[in-house]
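Me: I would like to learn how to read the sheet and the surface charge of a model. Can we take one feature at a time?

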Amino acid sequence: IATALHGNTTITSINLVFNNIGDDGAKEISIALGTNKSITTLNLVGNNIGDDGALALADVLMMNKTLKDINMSGNISANYFASILAAHADPQMWAISYEKLMIVKDQARELFIEDFENTTMRDVNEKIIIPVCQRTKKSYA
């Protein structure tokens, strides 16, 4: 499907509900939609799309001026997708203040008290930053 989208000029809507495309499929579709000028809506309900696929789809939705809507309901990262779109819509959400960064550092020290020195940024993102972003509908970069 992704290959066919590259040269498509007639199809305007795609419905791939419950096809289990996952992150890899979402990334392939995103690449194809990067050059497609006819697709306006994409329905990806219930496809086990995680953070990587959601990020790729959100990026293409912002970049492709023809594509107007991607339905991500029922996916692992539906909330993450919505958070990314909200962040793109409000640039004030893109930055984290020094004070907030220090709060995150303190939270990480408390959460990872046993092994703080070996804690990676990925650990902090997964356990602190992403849950806060999802709860507050804000994205911190």
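Reply: Start with pairing. Two strands pair if DSSP finds at least two bridges between them. This model is predicted. Here strand S2, residues 41–43, pairs with S3 in the parallel sense, over three bridges.

Me: Which residue in S3 is the bridge partner of Leu-42?

Reply: Ile-70 is the partner of Leu-42.

Me: In what order do the strands of the sheet run?

Reply: The order is S1-S2-S3. The three strands form an open sheet, and their pairing is parallel.

Me: Why is one side of S1 and of S3 left without a neighbour in the sheet?

Reply: Strand S1 (13–15) and strand S3 (69–71) stand at the edges, so each has a single partner strand.

Me: How many helices and strands does the protein chain have?

Reply: Six helices and three strands. Along the sequence they follow the pattern α-β-α-β-α-β-α-α-α. For overall dimensions, take the C-alpha trace: it spans about 55 × 30 × 20 Å along its principal axes.

Me: Now the surface. Which residues form the negative patch?

Reply: A patch residue needs over 30% relative accessible area and no salt bridge, and like charges are joined within 9 Å. Here Asp-24, Glu-28, Asp-51, Asp-52 and Glu-126 form a negative patch.

Me: Which elements give two or more residues to the negative patch?

Reply: Helix H2 (22–33) and helix H3 (51–63) do. Asp-52, for one, lies in helix H3.

Conventions. Residues numbered from 1 in each chain as written. Predicted model: local features only at pLDDT ≥ 70, side-chain atom pairs only at ≥ 80, totals over all residues. Heavy atoms only, no water. Helix = DSSP H or I, 4+ residues; strand = E, 2+ residues; numbered from the N terminus. Patch = residues over 30% accessible without salt bridge, like charges linked within 9 Å, V, L, I, M, F, W, Y side chains within 5 Å. Areas by Shrake-Rupley, 256 points an atom, 1.4 Å probe, with all protein chains shown as cover. Salt bridge = Lys/Arg side-chain N within 4 Å of Asp/Glu carboxyl O. Lys, Arg positive; Asp, Glu negative; His and termini not counted. Charge placed at Lys NZ, Arg CZ, Asp CG, Glu CD.
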